Amino acid sequence: MDQRLKVKSFEIRKRLIYEAWEKVQANRGAPGVDAVRIHEFAAKERANLYKLWNRMSSGSYFPGPVRAVEIPKDYGAGTRVLGVPNVVDRIAQSAVAMLLEERLEPIFHPDSYGYRPGRGAQDALAVTRKRCWERAWVLDLDIRAFFDSVPHDLLLKAVAHHTDERWVLLYIERWLKAPIQMPDGTLVERERGTVQGSPISPLLANLFMHYAFDTWMDREYPDCPFARYADDVVIHCDTEERAQELKVAIASRLGALGLELRPEKTKIVYCKDTNRQGDAEHTSFDFLGYTFRGRRAKGRRGLFVSFSPAISNKAKKAIGKKLRNLHLNRRSGSNLSSIAGGINPYLRGWINYFGAFYRSELYSLADRIDEHLVRWAMQKFKRLRRRPTKAWAWLDAVRQHQPNLFAHWQLLPRY
C-alpha cells in the first residue's frame, strides 16, 4: 500500500483524545441527539475513541446537531436554553478546550472569573464588595442574549490569533455552525452565537470578551476596575458622571461588535452606606445570585450601614421552589436518614455558596427547610397528624440527639 495514503491531514495526539474522554466521563451529563449515553460509549471505549481520533485526524469529523433543553437560569432568573452535544462531540470539544486553555489562560484578565481554573464566583463577589467600599458608584451591565449573539467571524479571528493548528479552527467553525434540534425535532440553523452547555463554549466566550471588553477597558478606562463572570459584569467608578460616560462608551463599543446592552437592566448604582450621604435612583444591584445594598453591620464603634452582598430574593425563591419540588411530604415511606441523604447535597451547596457573605440571611432558609420536615413528620406519624406543635417538638428532639443529621443544622447553628 502507498505509504502516502496513511498520512493524516492533521497531527493530533491520541493521548489528548483519551484525556478529554476522561474529563467528559467524570462530568457525566445527559445524552445528545443520538441518545448515546456515557456508559454506552464506555462499553466500546477503545473502538469509539480510535474512530473519533481517526476522523478528526483525517478531517472527516463533522459534529451532530445539538439537543436543546430548557432549564432554569441560575439563581432563579427565568429560563435559558442549554445545548447538549453528543458524547463524541463533547469529547472532541473538550480536547480542543484543553489544548487552547494552556495558551489562553496566561493572557486572560485577572478580573475575569467565570469558568477559569482556580477562580470562581465567590472570588468575584469578594473583590466586588471591596471595591464597592472604595468607590461610590457601580455600573451594572446586562448584555442582551450574549451567548446567542457572538459573531462567528470575530470569534474565529480571535482563536486564529492564538493557534496555528488548522484542525482547531476547522472544528470550532463546524461546532459554531452545528444546528440546534428543538424539543419538537425541528432543526434551527445558527449564524451567530456559541451554545451554552458545550465544553468549548465558556472558553470561547471568555476569549471573545477578553478582546471585546477586558483589554478595551484596561486601555480606555484604567481608572474603572471591573469584575466579569462570563457576560455578567460590574464596573466601579468614582463619580456618577464617570459611570454615565462609561455606559455610553460601552454601548457603542459592544454595538460595533454585534452585541447590545439591555437598557432596562443596565443601571448605575449608588453604593449608599453610613459614610455616603444623599440618594440615587438605584441603591442596590444583583450579581451572581447576591444582592449588594446597604446592610446593618457591627463594628468597634457600634452599628453602622455597610454596602455588602447577601443572598438575593430571586435566589431564595429559586431554592424555595426546589424544596417544594422535592415533595418531602409525599415521601412518608422513607425514614429521616433517607430524607437527609437525599437533600443534604443540595443544602451543602446552597449554604456553602450563599453563606459566604452575610450568612445570617440564610436563617430564614433553615426555617423553611424545617417546616418541610415538620410537614413530612405529620404525614409520616399518625400521632403527629394535625398536631404541628407536637411535630415541632419532635423535630427539636431529633436535632438535639442528631445535630449533624441535616446539613443546615450543622452549617447554620443558632439554636
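## Aspartate 273 and its surroundings

The side chain of aspartate 273 reaches the backbone nitrogen of arginine 276 at 3.1 Å, a polar contact in the sense of a pair of N or O atoms within 3.5 Å, where, within protein, one atom must be able to donate a hydrogen and the other to accept it, and where residues adjacent in sequence count only if both atoms are side-chain atoms. Aspartate 273 lies in the loop between β8 and β9 (285–287); helices (H or I, at least four residues) and strands (E, at least two) are DSSP runs, numbered from the N terminus.

With a relative accessible area of 14%, aspartate 273 is buried, a word that stands for under 20% relative accessible area, while exposed stands for over 50% and partly exposed for values in between (1.4 Å probe, protein chains only). Leaving aside residues up to four places away in sequence, aspartate 273 touches Val305, Ser306 and Phe307, where contact means heavy atoms within 4.5 Å.

## How far the model can be read

This is a predicted model, in which local features need pLDDT of at least 70 and side-chain atom pairs count only at pLDDT 80 or more, whereas totals for chains, interfaces and linings use all residues. Residues are numbered from 1 along each chain as its sequence is written, and side-chain values use heavy atoms, with hydrogens and water left out.

The mean pLDDT of the chain, that is, the predictor's confidence in each residue on a scale from 0 to 100, is 93, and 97% of the residues reach 70 or more. Over residues 1–5, however, pLDDT stays under 50, and the model has 1 contact beyond four places in sequence for this stretch.

## The open sheet and its helices

An open sheet of 4 strands has the order β6-β7-β3-β8, with antiparallel pairing; two strands pair if DSSP finds at least two bridges between them. Its edge strands, each of which pairs on one side only, are β6 (226–229) and β8 (267–270). Within the sheet, strand β3 (residues 137–142) and strand β7 (residues 232–237) pair in the antiparallel sense over 6 bridges, and the bridge partner of aspartate 140 in β7 is valine 234.

Helix α9 (residues 201–220) packs on the sheet, where it touches β3, β6 and β7, and its direction makes about 175 degrees with that of β6. Helix α10 (residues 240–256) also packs on the sheet, touching β3, β7 and β8, and its direction makes about 20 degrees with that of β3. For such angles, axes are lines fitted to C-alpha atoms, for helices over the stretch in contact, and the angles run from 0 to 180 degrees between N-to-C directions.

## Two hairpins

Strand β9 is joined by 3 bridges to the antiparallel strand β10 (residues 290–299), and phenylalanine 285 stands opposite phenylalanine 292 in β10. The two strands form a hairpin with 2 residues between them, and leucine 288 in the turn has a positive phi of about 55 degrees.

Strand β10 is in turn joined by 10 bridges to strand β11 (residues 302–311), again in an antiparallel arrangement. A hairpin through 2 residues links β10 to β11, and glycine 299 has glycine 302 in β11 as its bridge partner.

## Aromatic rings

The structure holds 24 aromatic pairs. The rings of tyrosine 171 and tryptophan 175 have centres 6.5 Å apart and planes at 40 degrees, so this pair is tilted; rings of Phe, Tyr and Trp (its six-membered ring) pair if their centres lie within 6.5 Å, with planes under 30 degrees apart counted as stacked, over 60 as edge-to-face and the rest as tilted.

Tyrosine 171 and tryptophan 175 are both buried, and, because they are 4 residues apart in helix α8 (residues 166–177), about one helical turn separates them. Ring pairs link Phe10, Tyr61, Trp167, Tyr171 and Trp175 into a cluster.
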